[in-house]
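Biologist: Could you take a close look at the salt bridges for me, and tell me how exposed their partners are? Please keep it to what the model shows.

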Amino acid sequence: MIALIQRVSSARVDVDGATVGAIGPGLLALVAVQPGDGEPQTARMLQRLLGYRVFGDEAGRMNRSLADTGGGLLLVSQFTLAADTDSGMRPSFTSAAAPDEARRWFDRLVELARNVHPRVETGRFGAHMEVHLINDGPVTFRLEVR
């Protein structure tokens with residue numbers, strides 16, 4: 001499982017001109033499920049999303065996590081993160097999970113997150129989404145769980 005996380009001042013996802021998920025300060029996580037991902041990878045990714053220290057402490061150092069700050073978490077499915085771009089001029093998506101498998105584990109990630117974190121929003125799986133964000137920093141990291 002791969003997540004591209006961005007520390008944001010705010011973020012939202014629109015589908016067909018309507019907002020389907022929005023947060024204030026927190027993390028936007030674009031998430032790709034890979035073949036073979038399951039419960040262990042999903043649980044570990046959530047642990048990393050909530051525990052990764054990307055927010056400033058009193059001294060301005062990145063020592064606080066989303067769990068520490070209580071900020072929002074906006075989870076957006078994005079299979080293109082799993083693309084194979086090693087050769088040619090067109091990405092291959094053989095390294096991304098099939099849609100049914102990806103939906104299962106993305107939905108499980110959302111479920112687990114909502115069980116333990118107070119502010120969880122999502123995009124819409126499989127939809128054409130417009131993602132709007134104000135990247136705070138900018139701060140962006142790629143996380144991968146195998």
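Modeller: Let's start with Asp136 and Arg7, whose side chains meet in a salt bridge at 3.3 Å, N to O (meaning a side-chain nitrogen of Lys or Arg within 4 Å of a carboxyl oxygen of Asp or Glu). That pair links distant parts of the chain, with Asp136 in strand 8 (residues 130-144) and Arg7 in strand 1, 129 residues apart. Helices (H or I, at least four residues) and strands (E, at least two) are DSSP runs, numbered from the N terminus. Bear in mind that this is a predicted model, where local features need pLDDT of at least 70, side-chain atom pairs count only at pLDDT 80 or more, and totals for chains, interfaces and linings use all residues. Residues are numbered from 1 along each chain as its sequence is written, and side-chain values use heavy atoms, with hydrogens and water left out.

Arg7 is buried at 12% relative accessible area, while Asp136 is partly exposed at 32%; buried means under 20%, exposed over 50% and partly exposed in between, with a 1.4 Å probe and protein chains only.

The whole structure holds 6 salt bridges. Another one joins Arg108 to Glu39, with the closest N and O atoms 3.0 Å apart. Arg108 sits in helix 3 (residues 99-116) and Glu39 in helix 1 (residues 39-51), so this pair ties together parts 69 residues apart in sequence. Arg108 is partly exposed at 24%, and so is Glu39 at 32%. Glu39, Arg108 and Glu111 are linked in a salt-bridge network.

Then there's Glu144 with Arg146, at 3.4 Å between the closest N and O atoms. Glu144 is partly exposed at 24%, but Arg146 is exposed at 76%.
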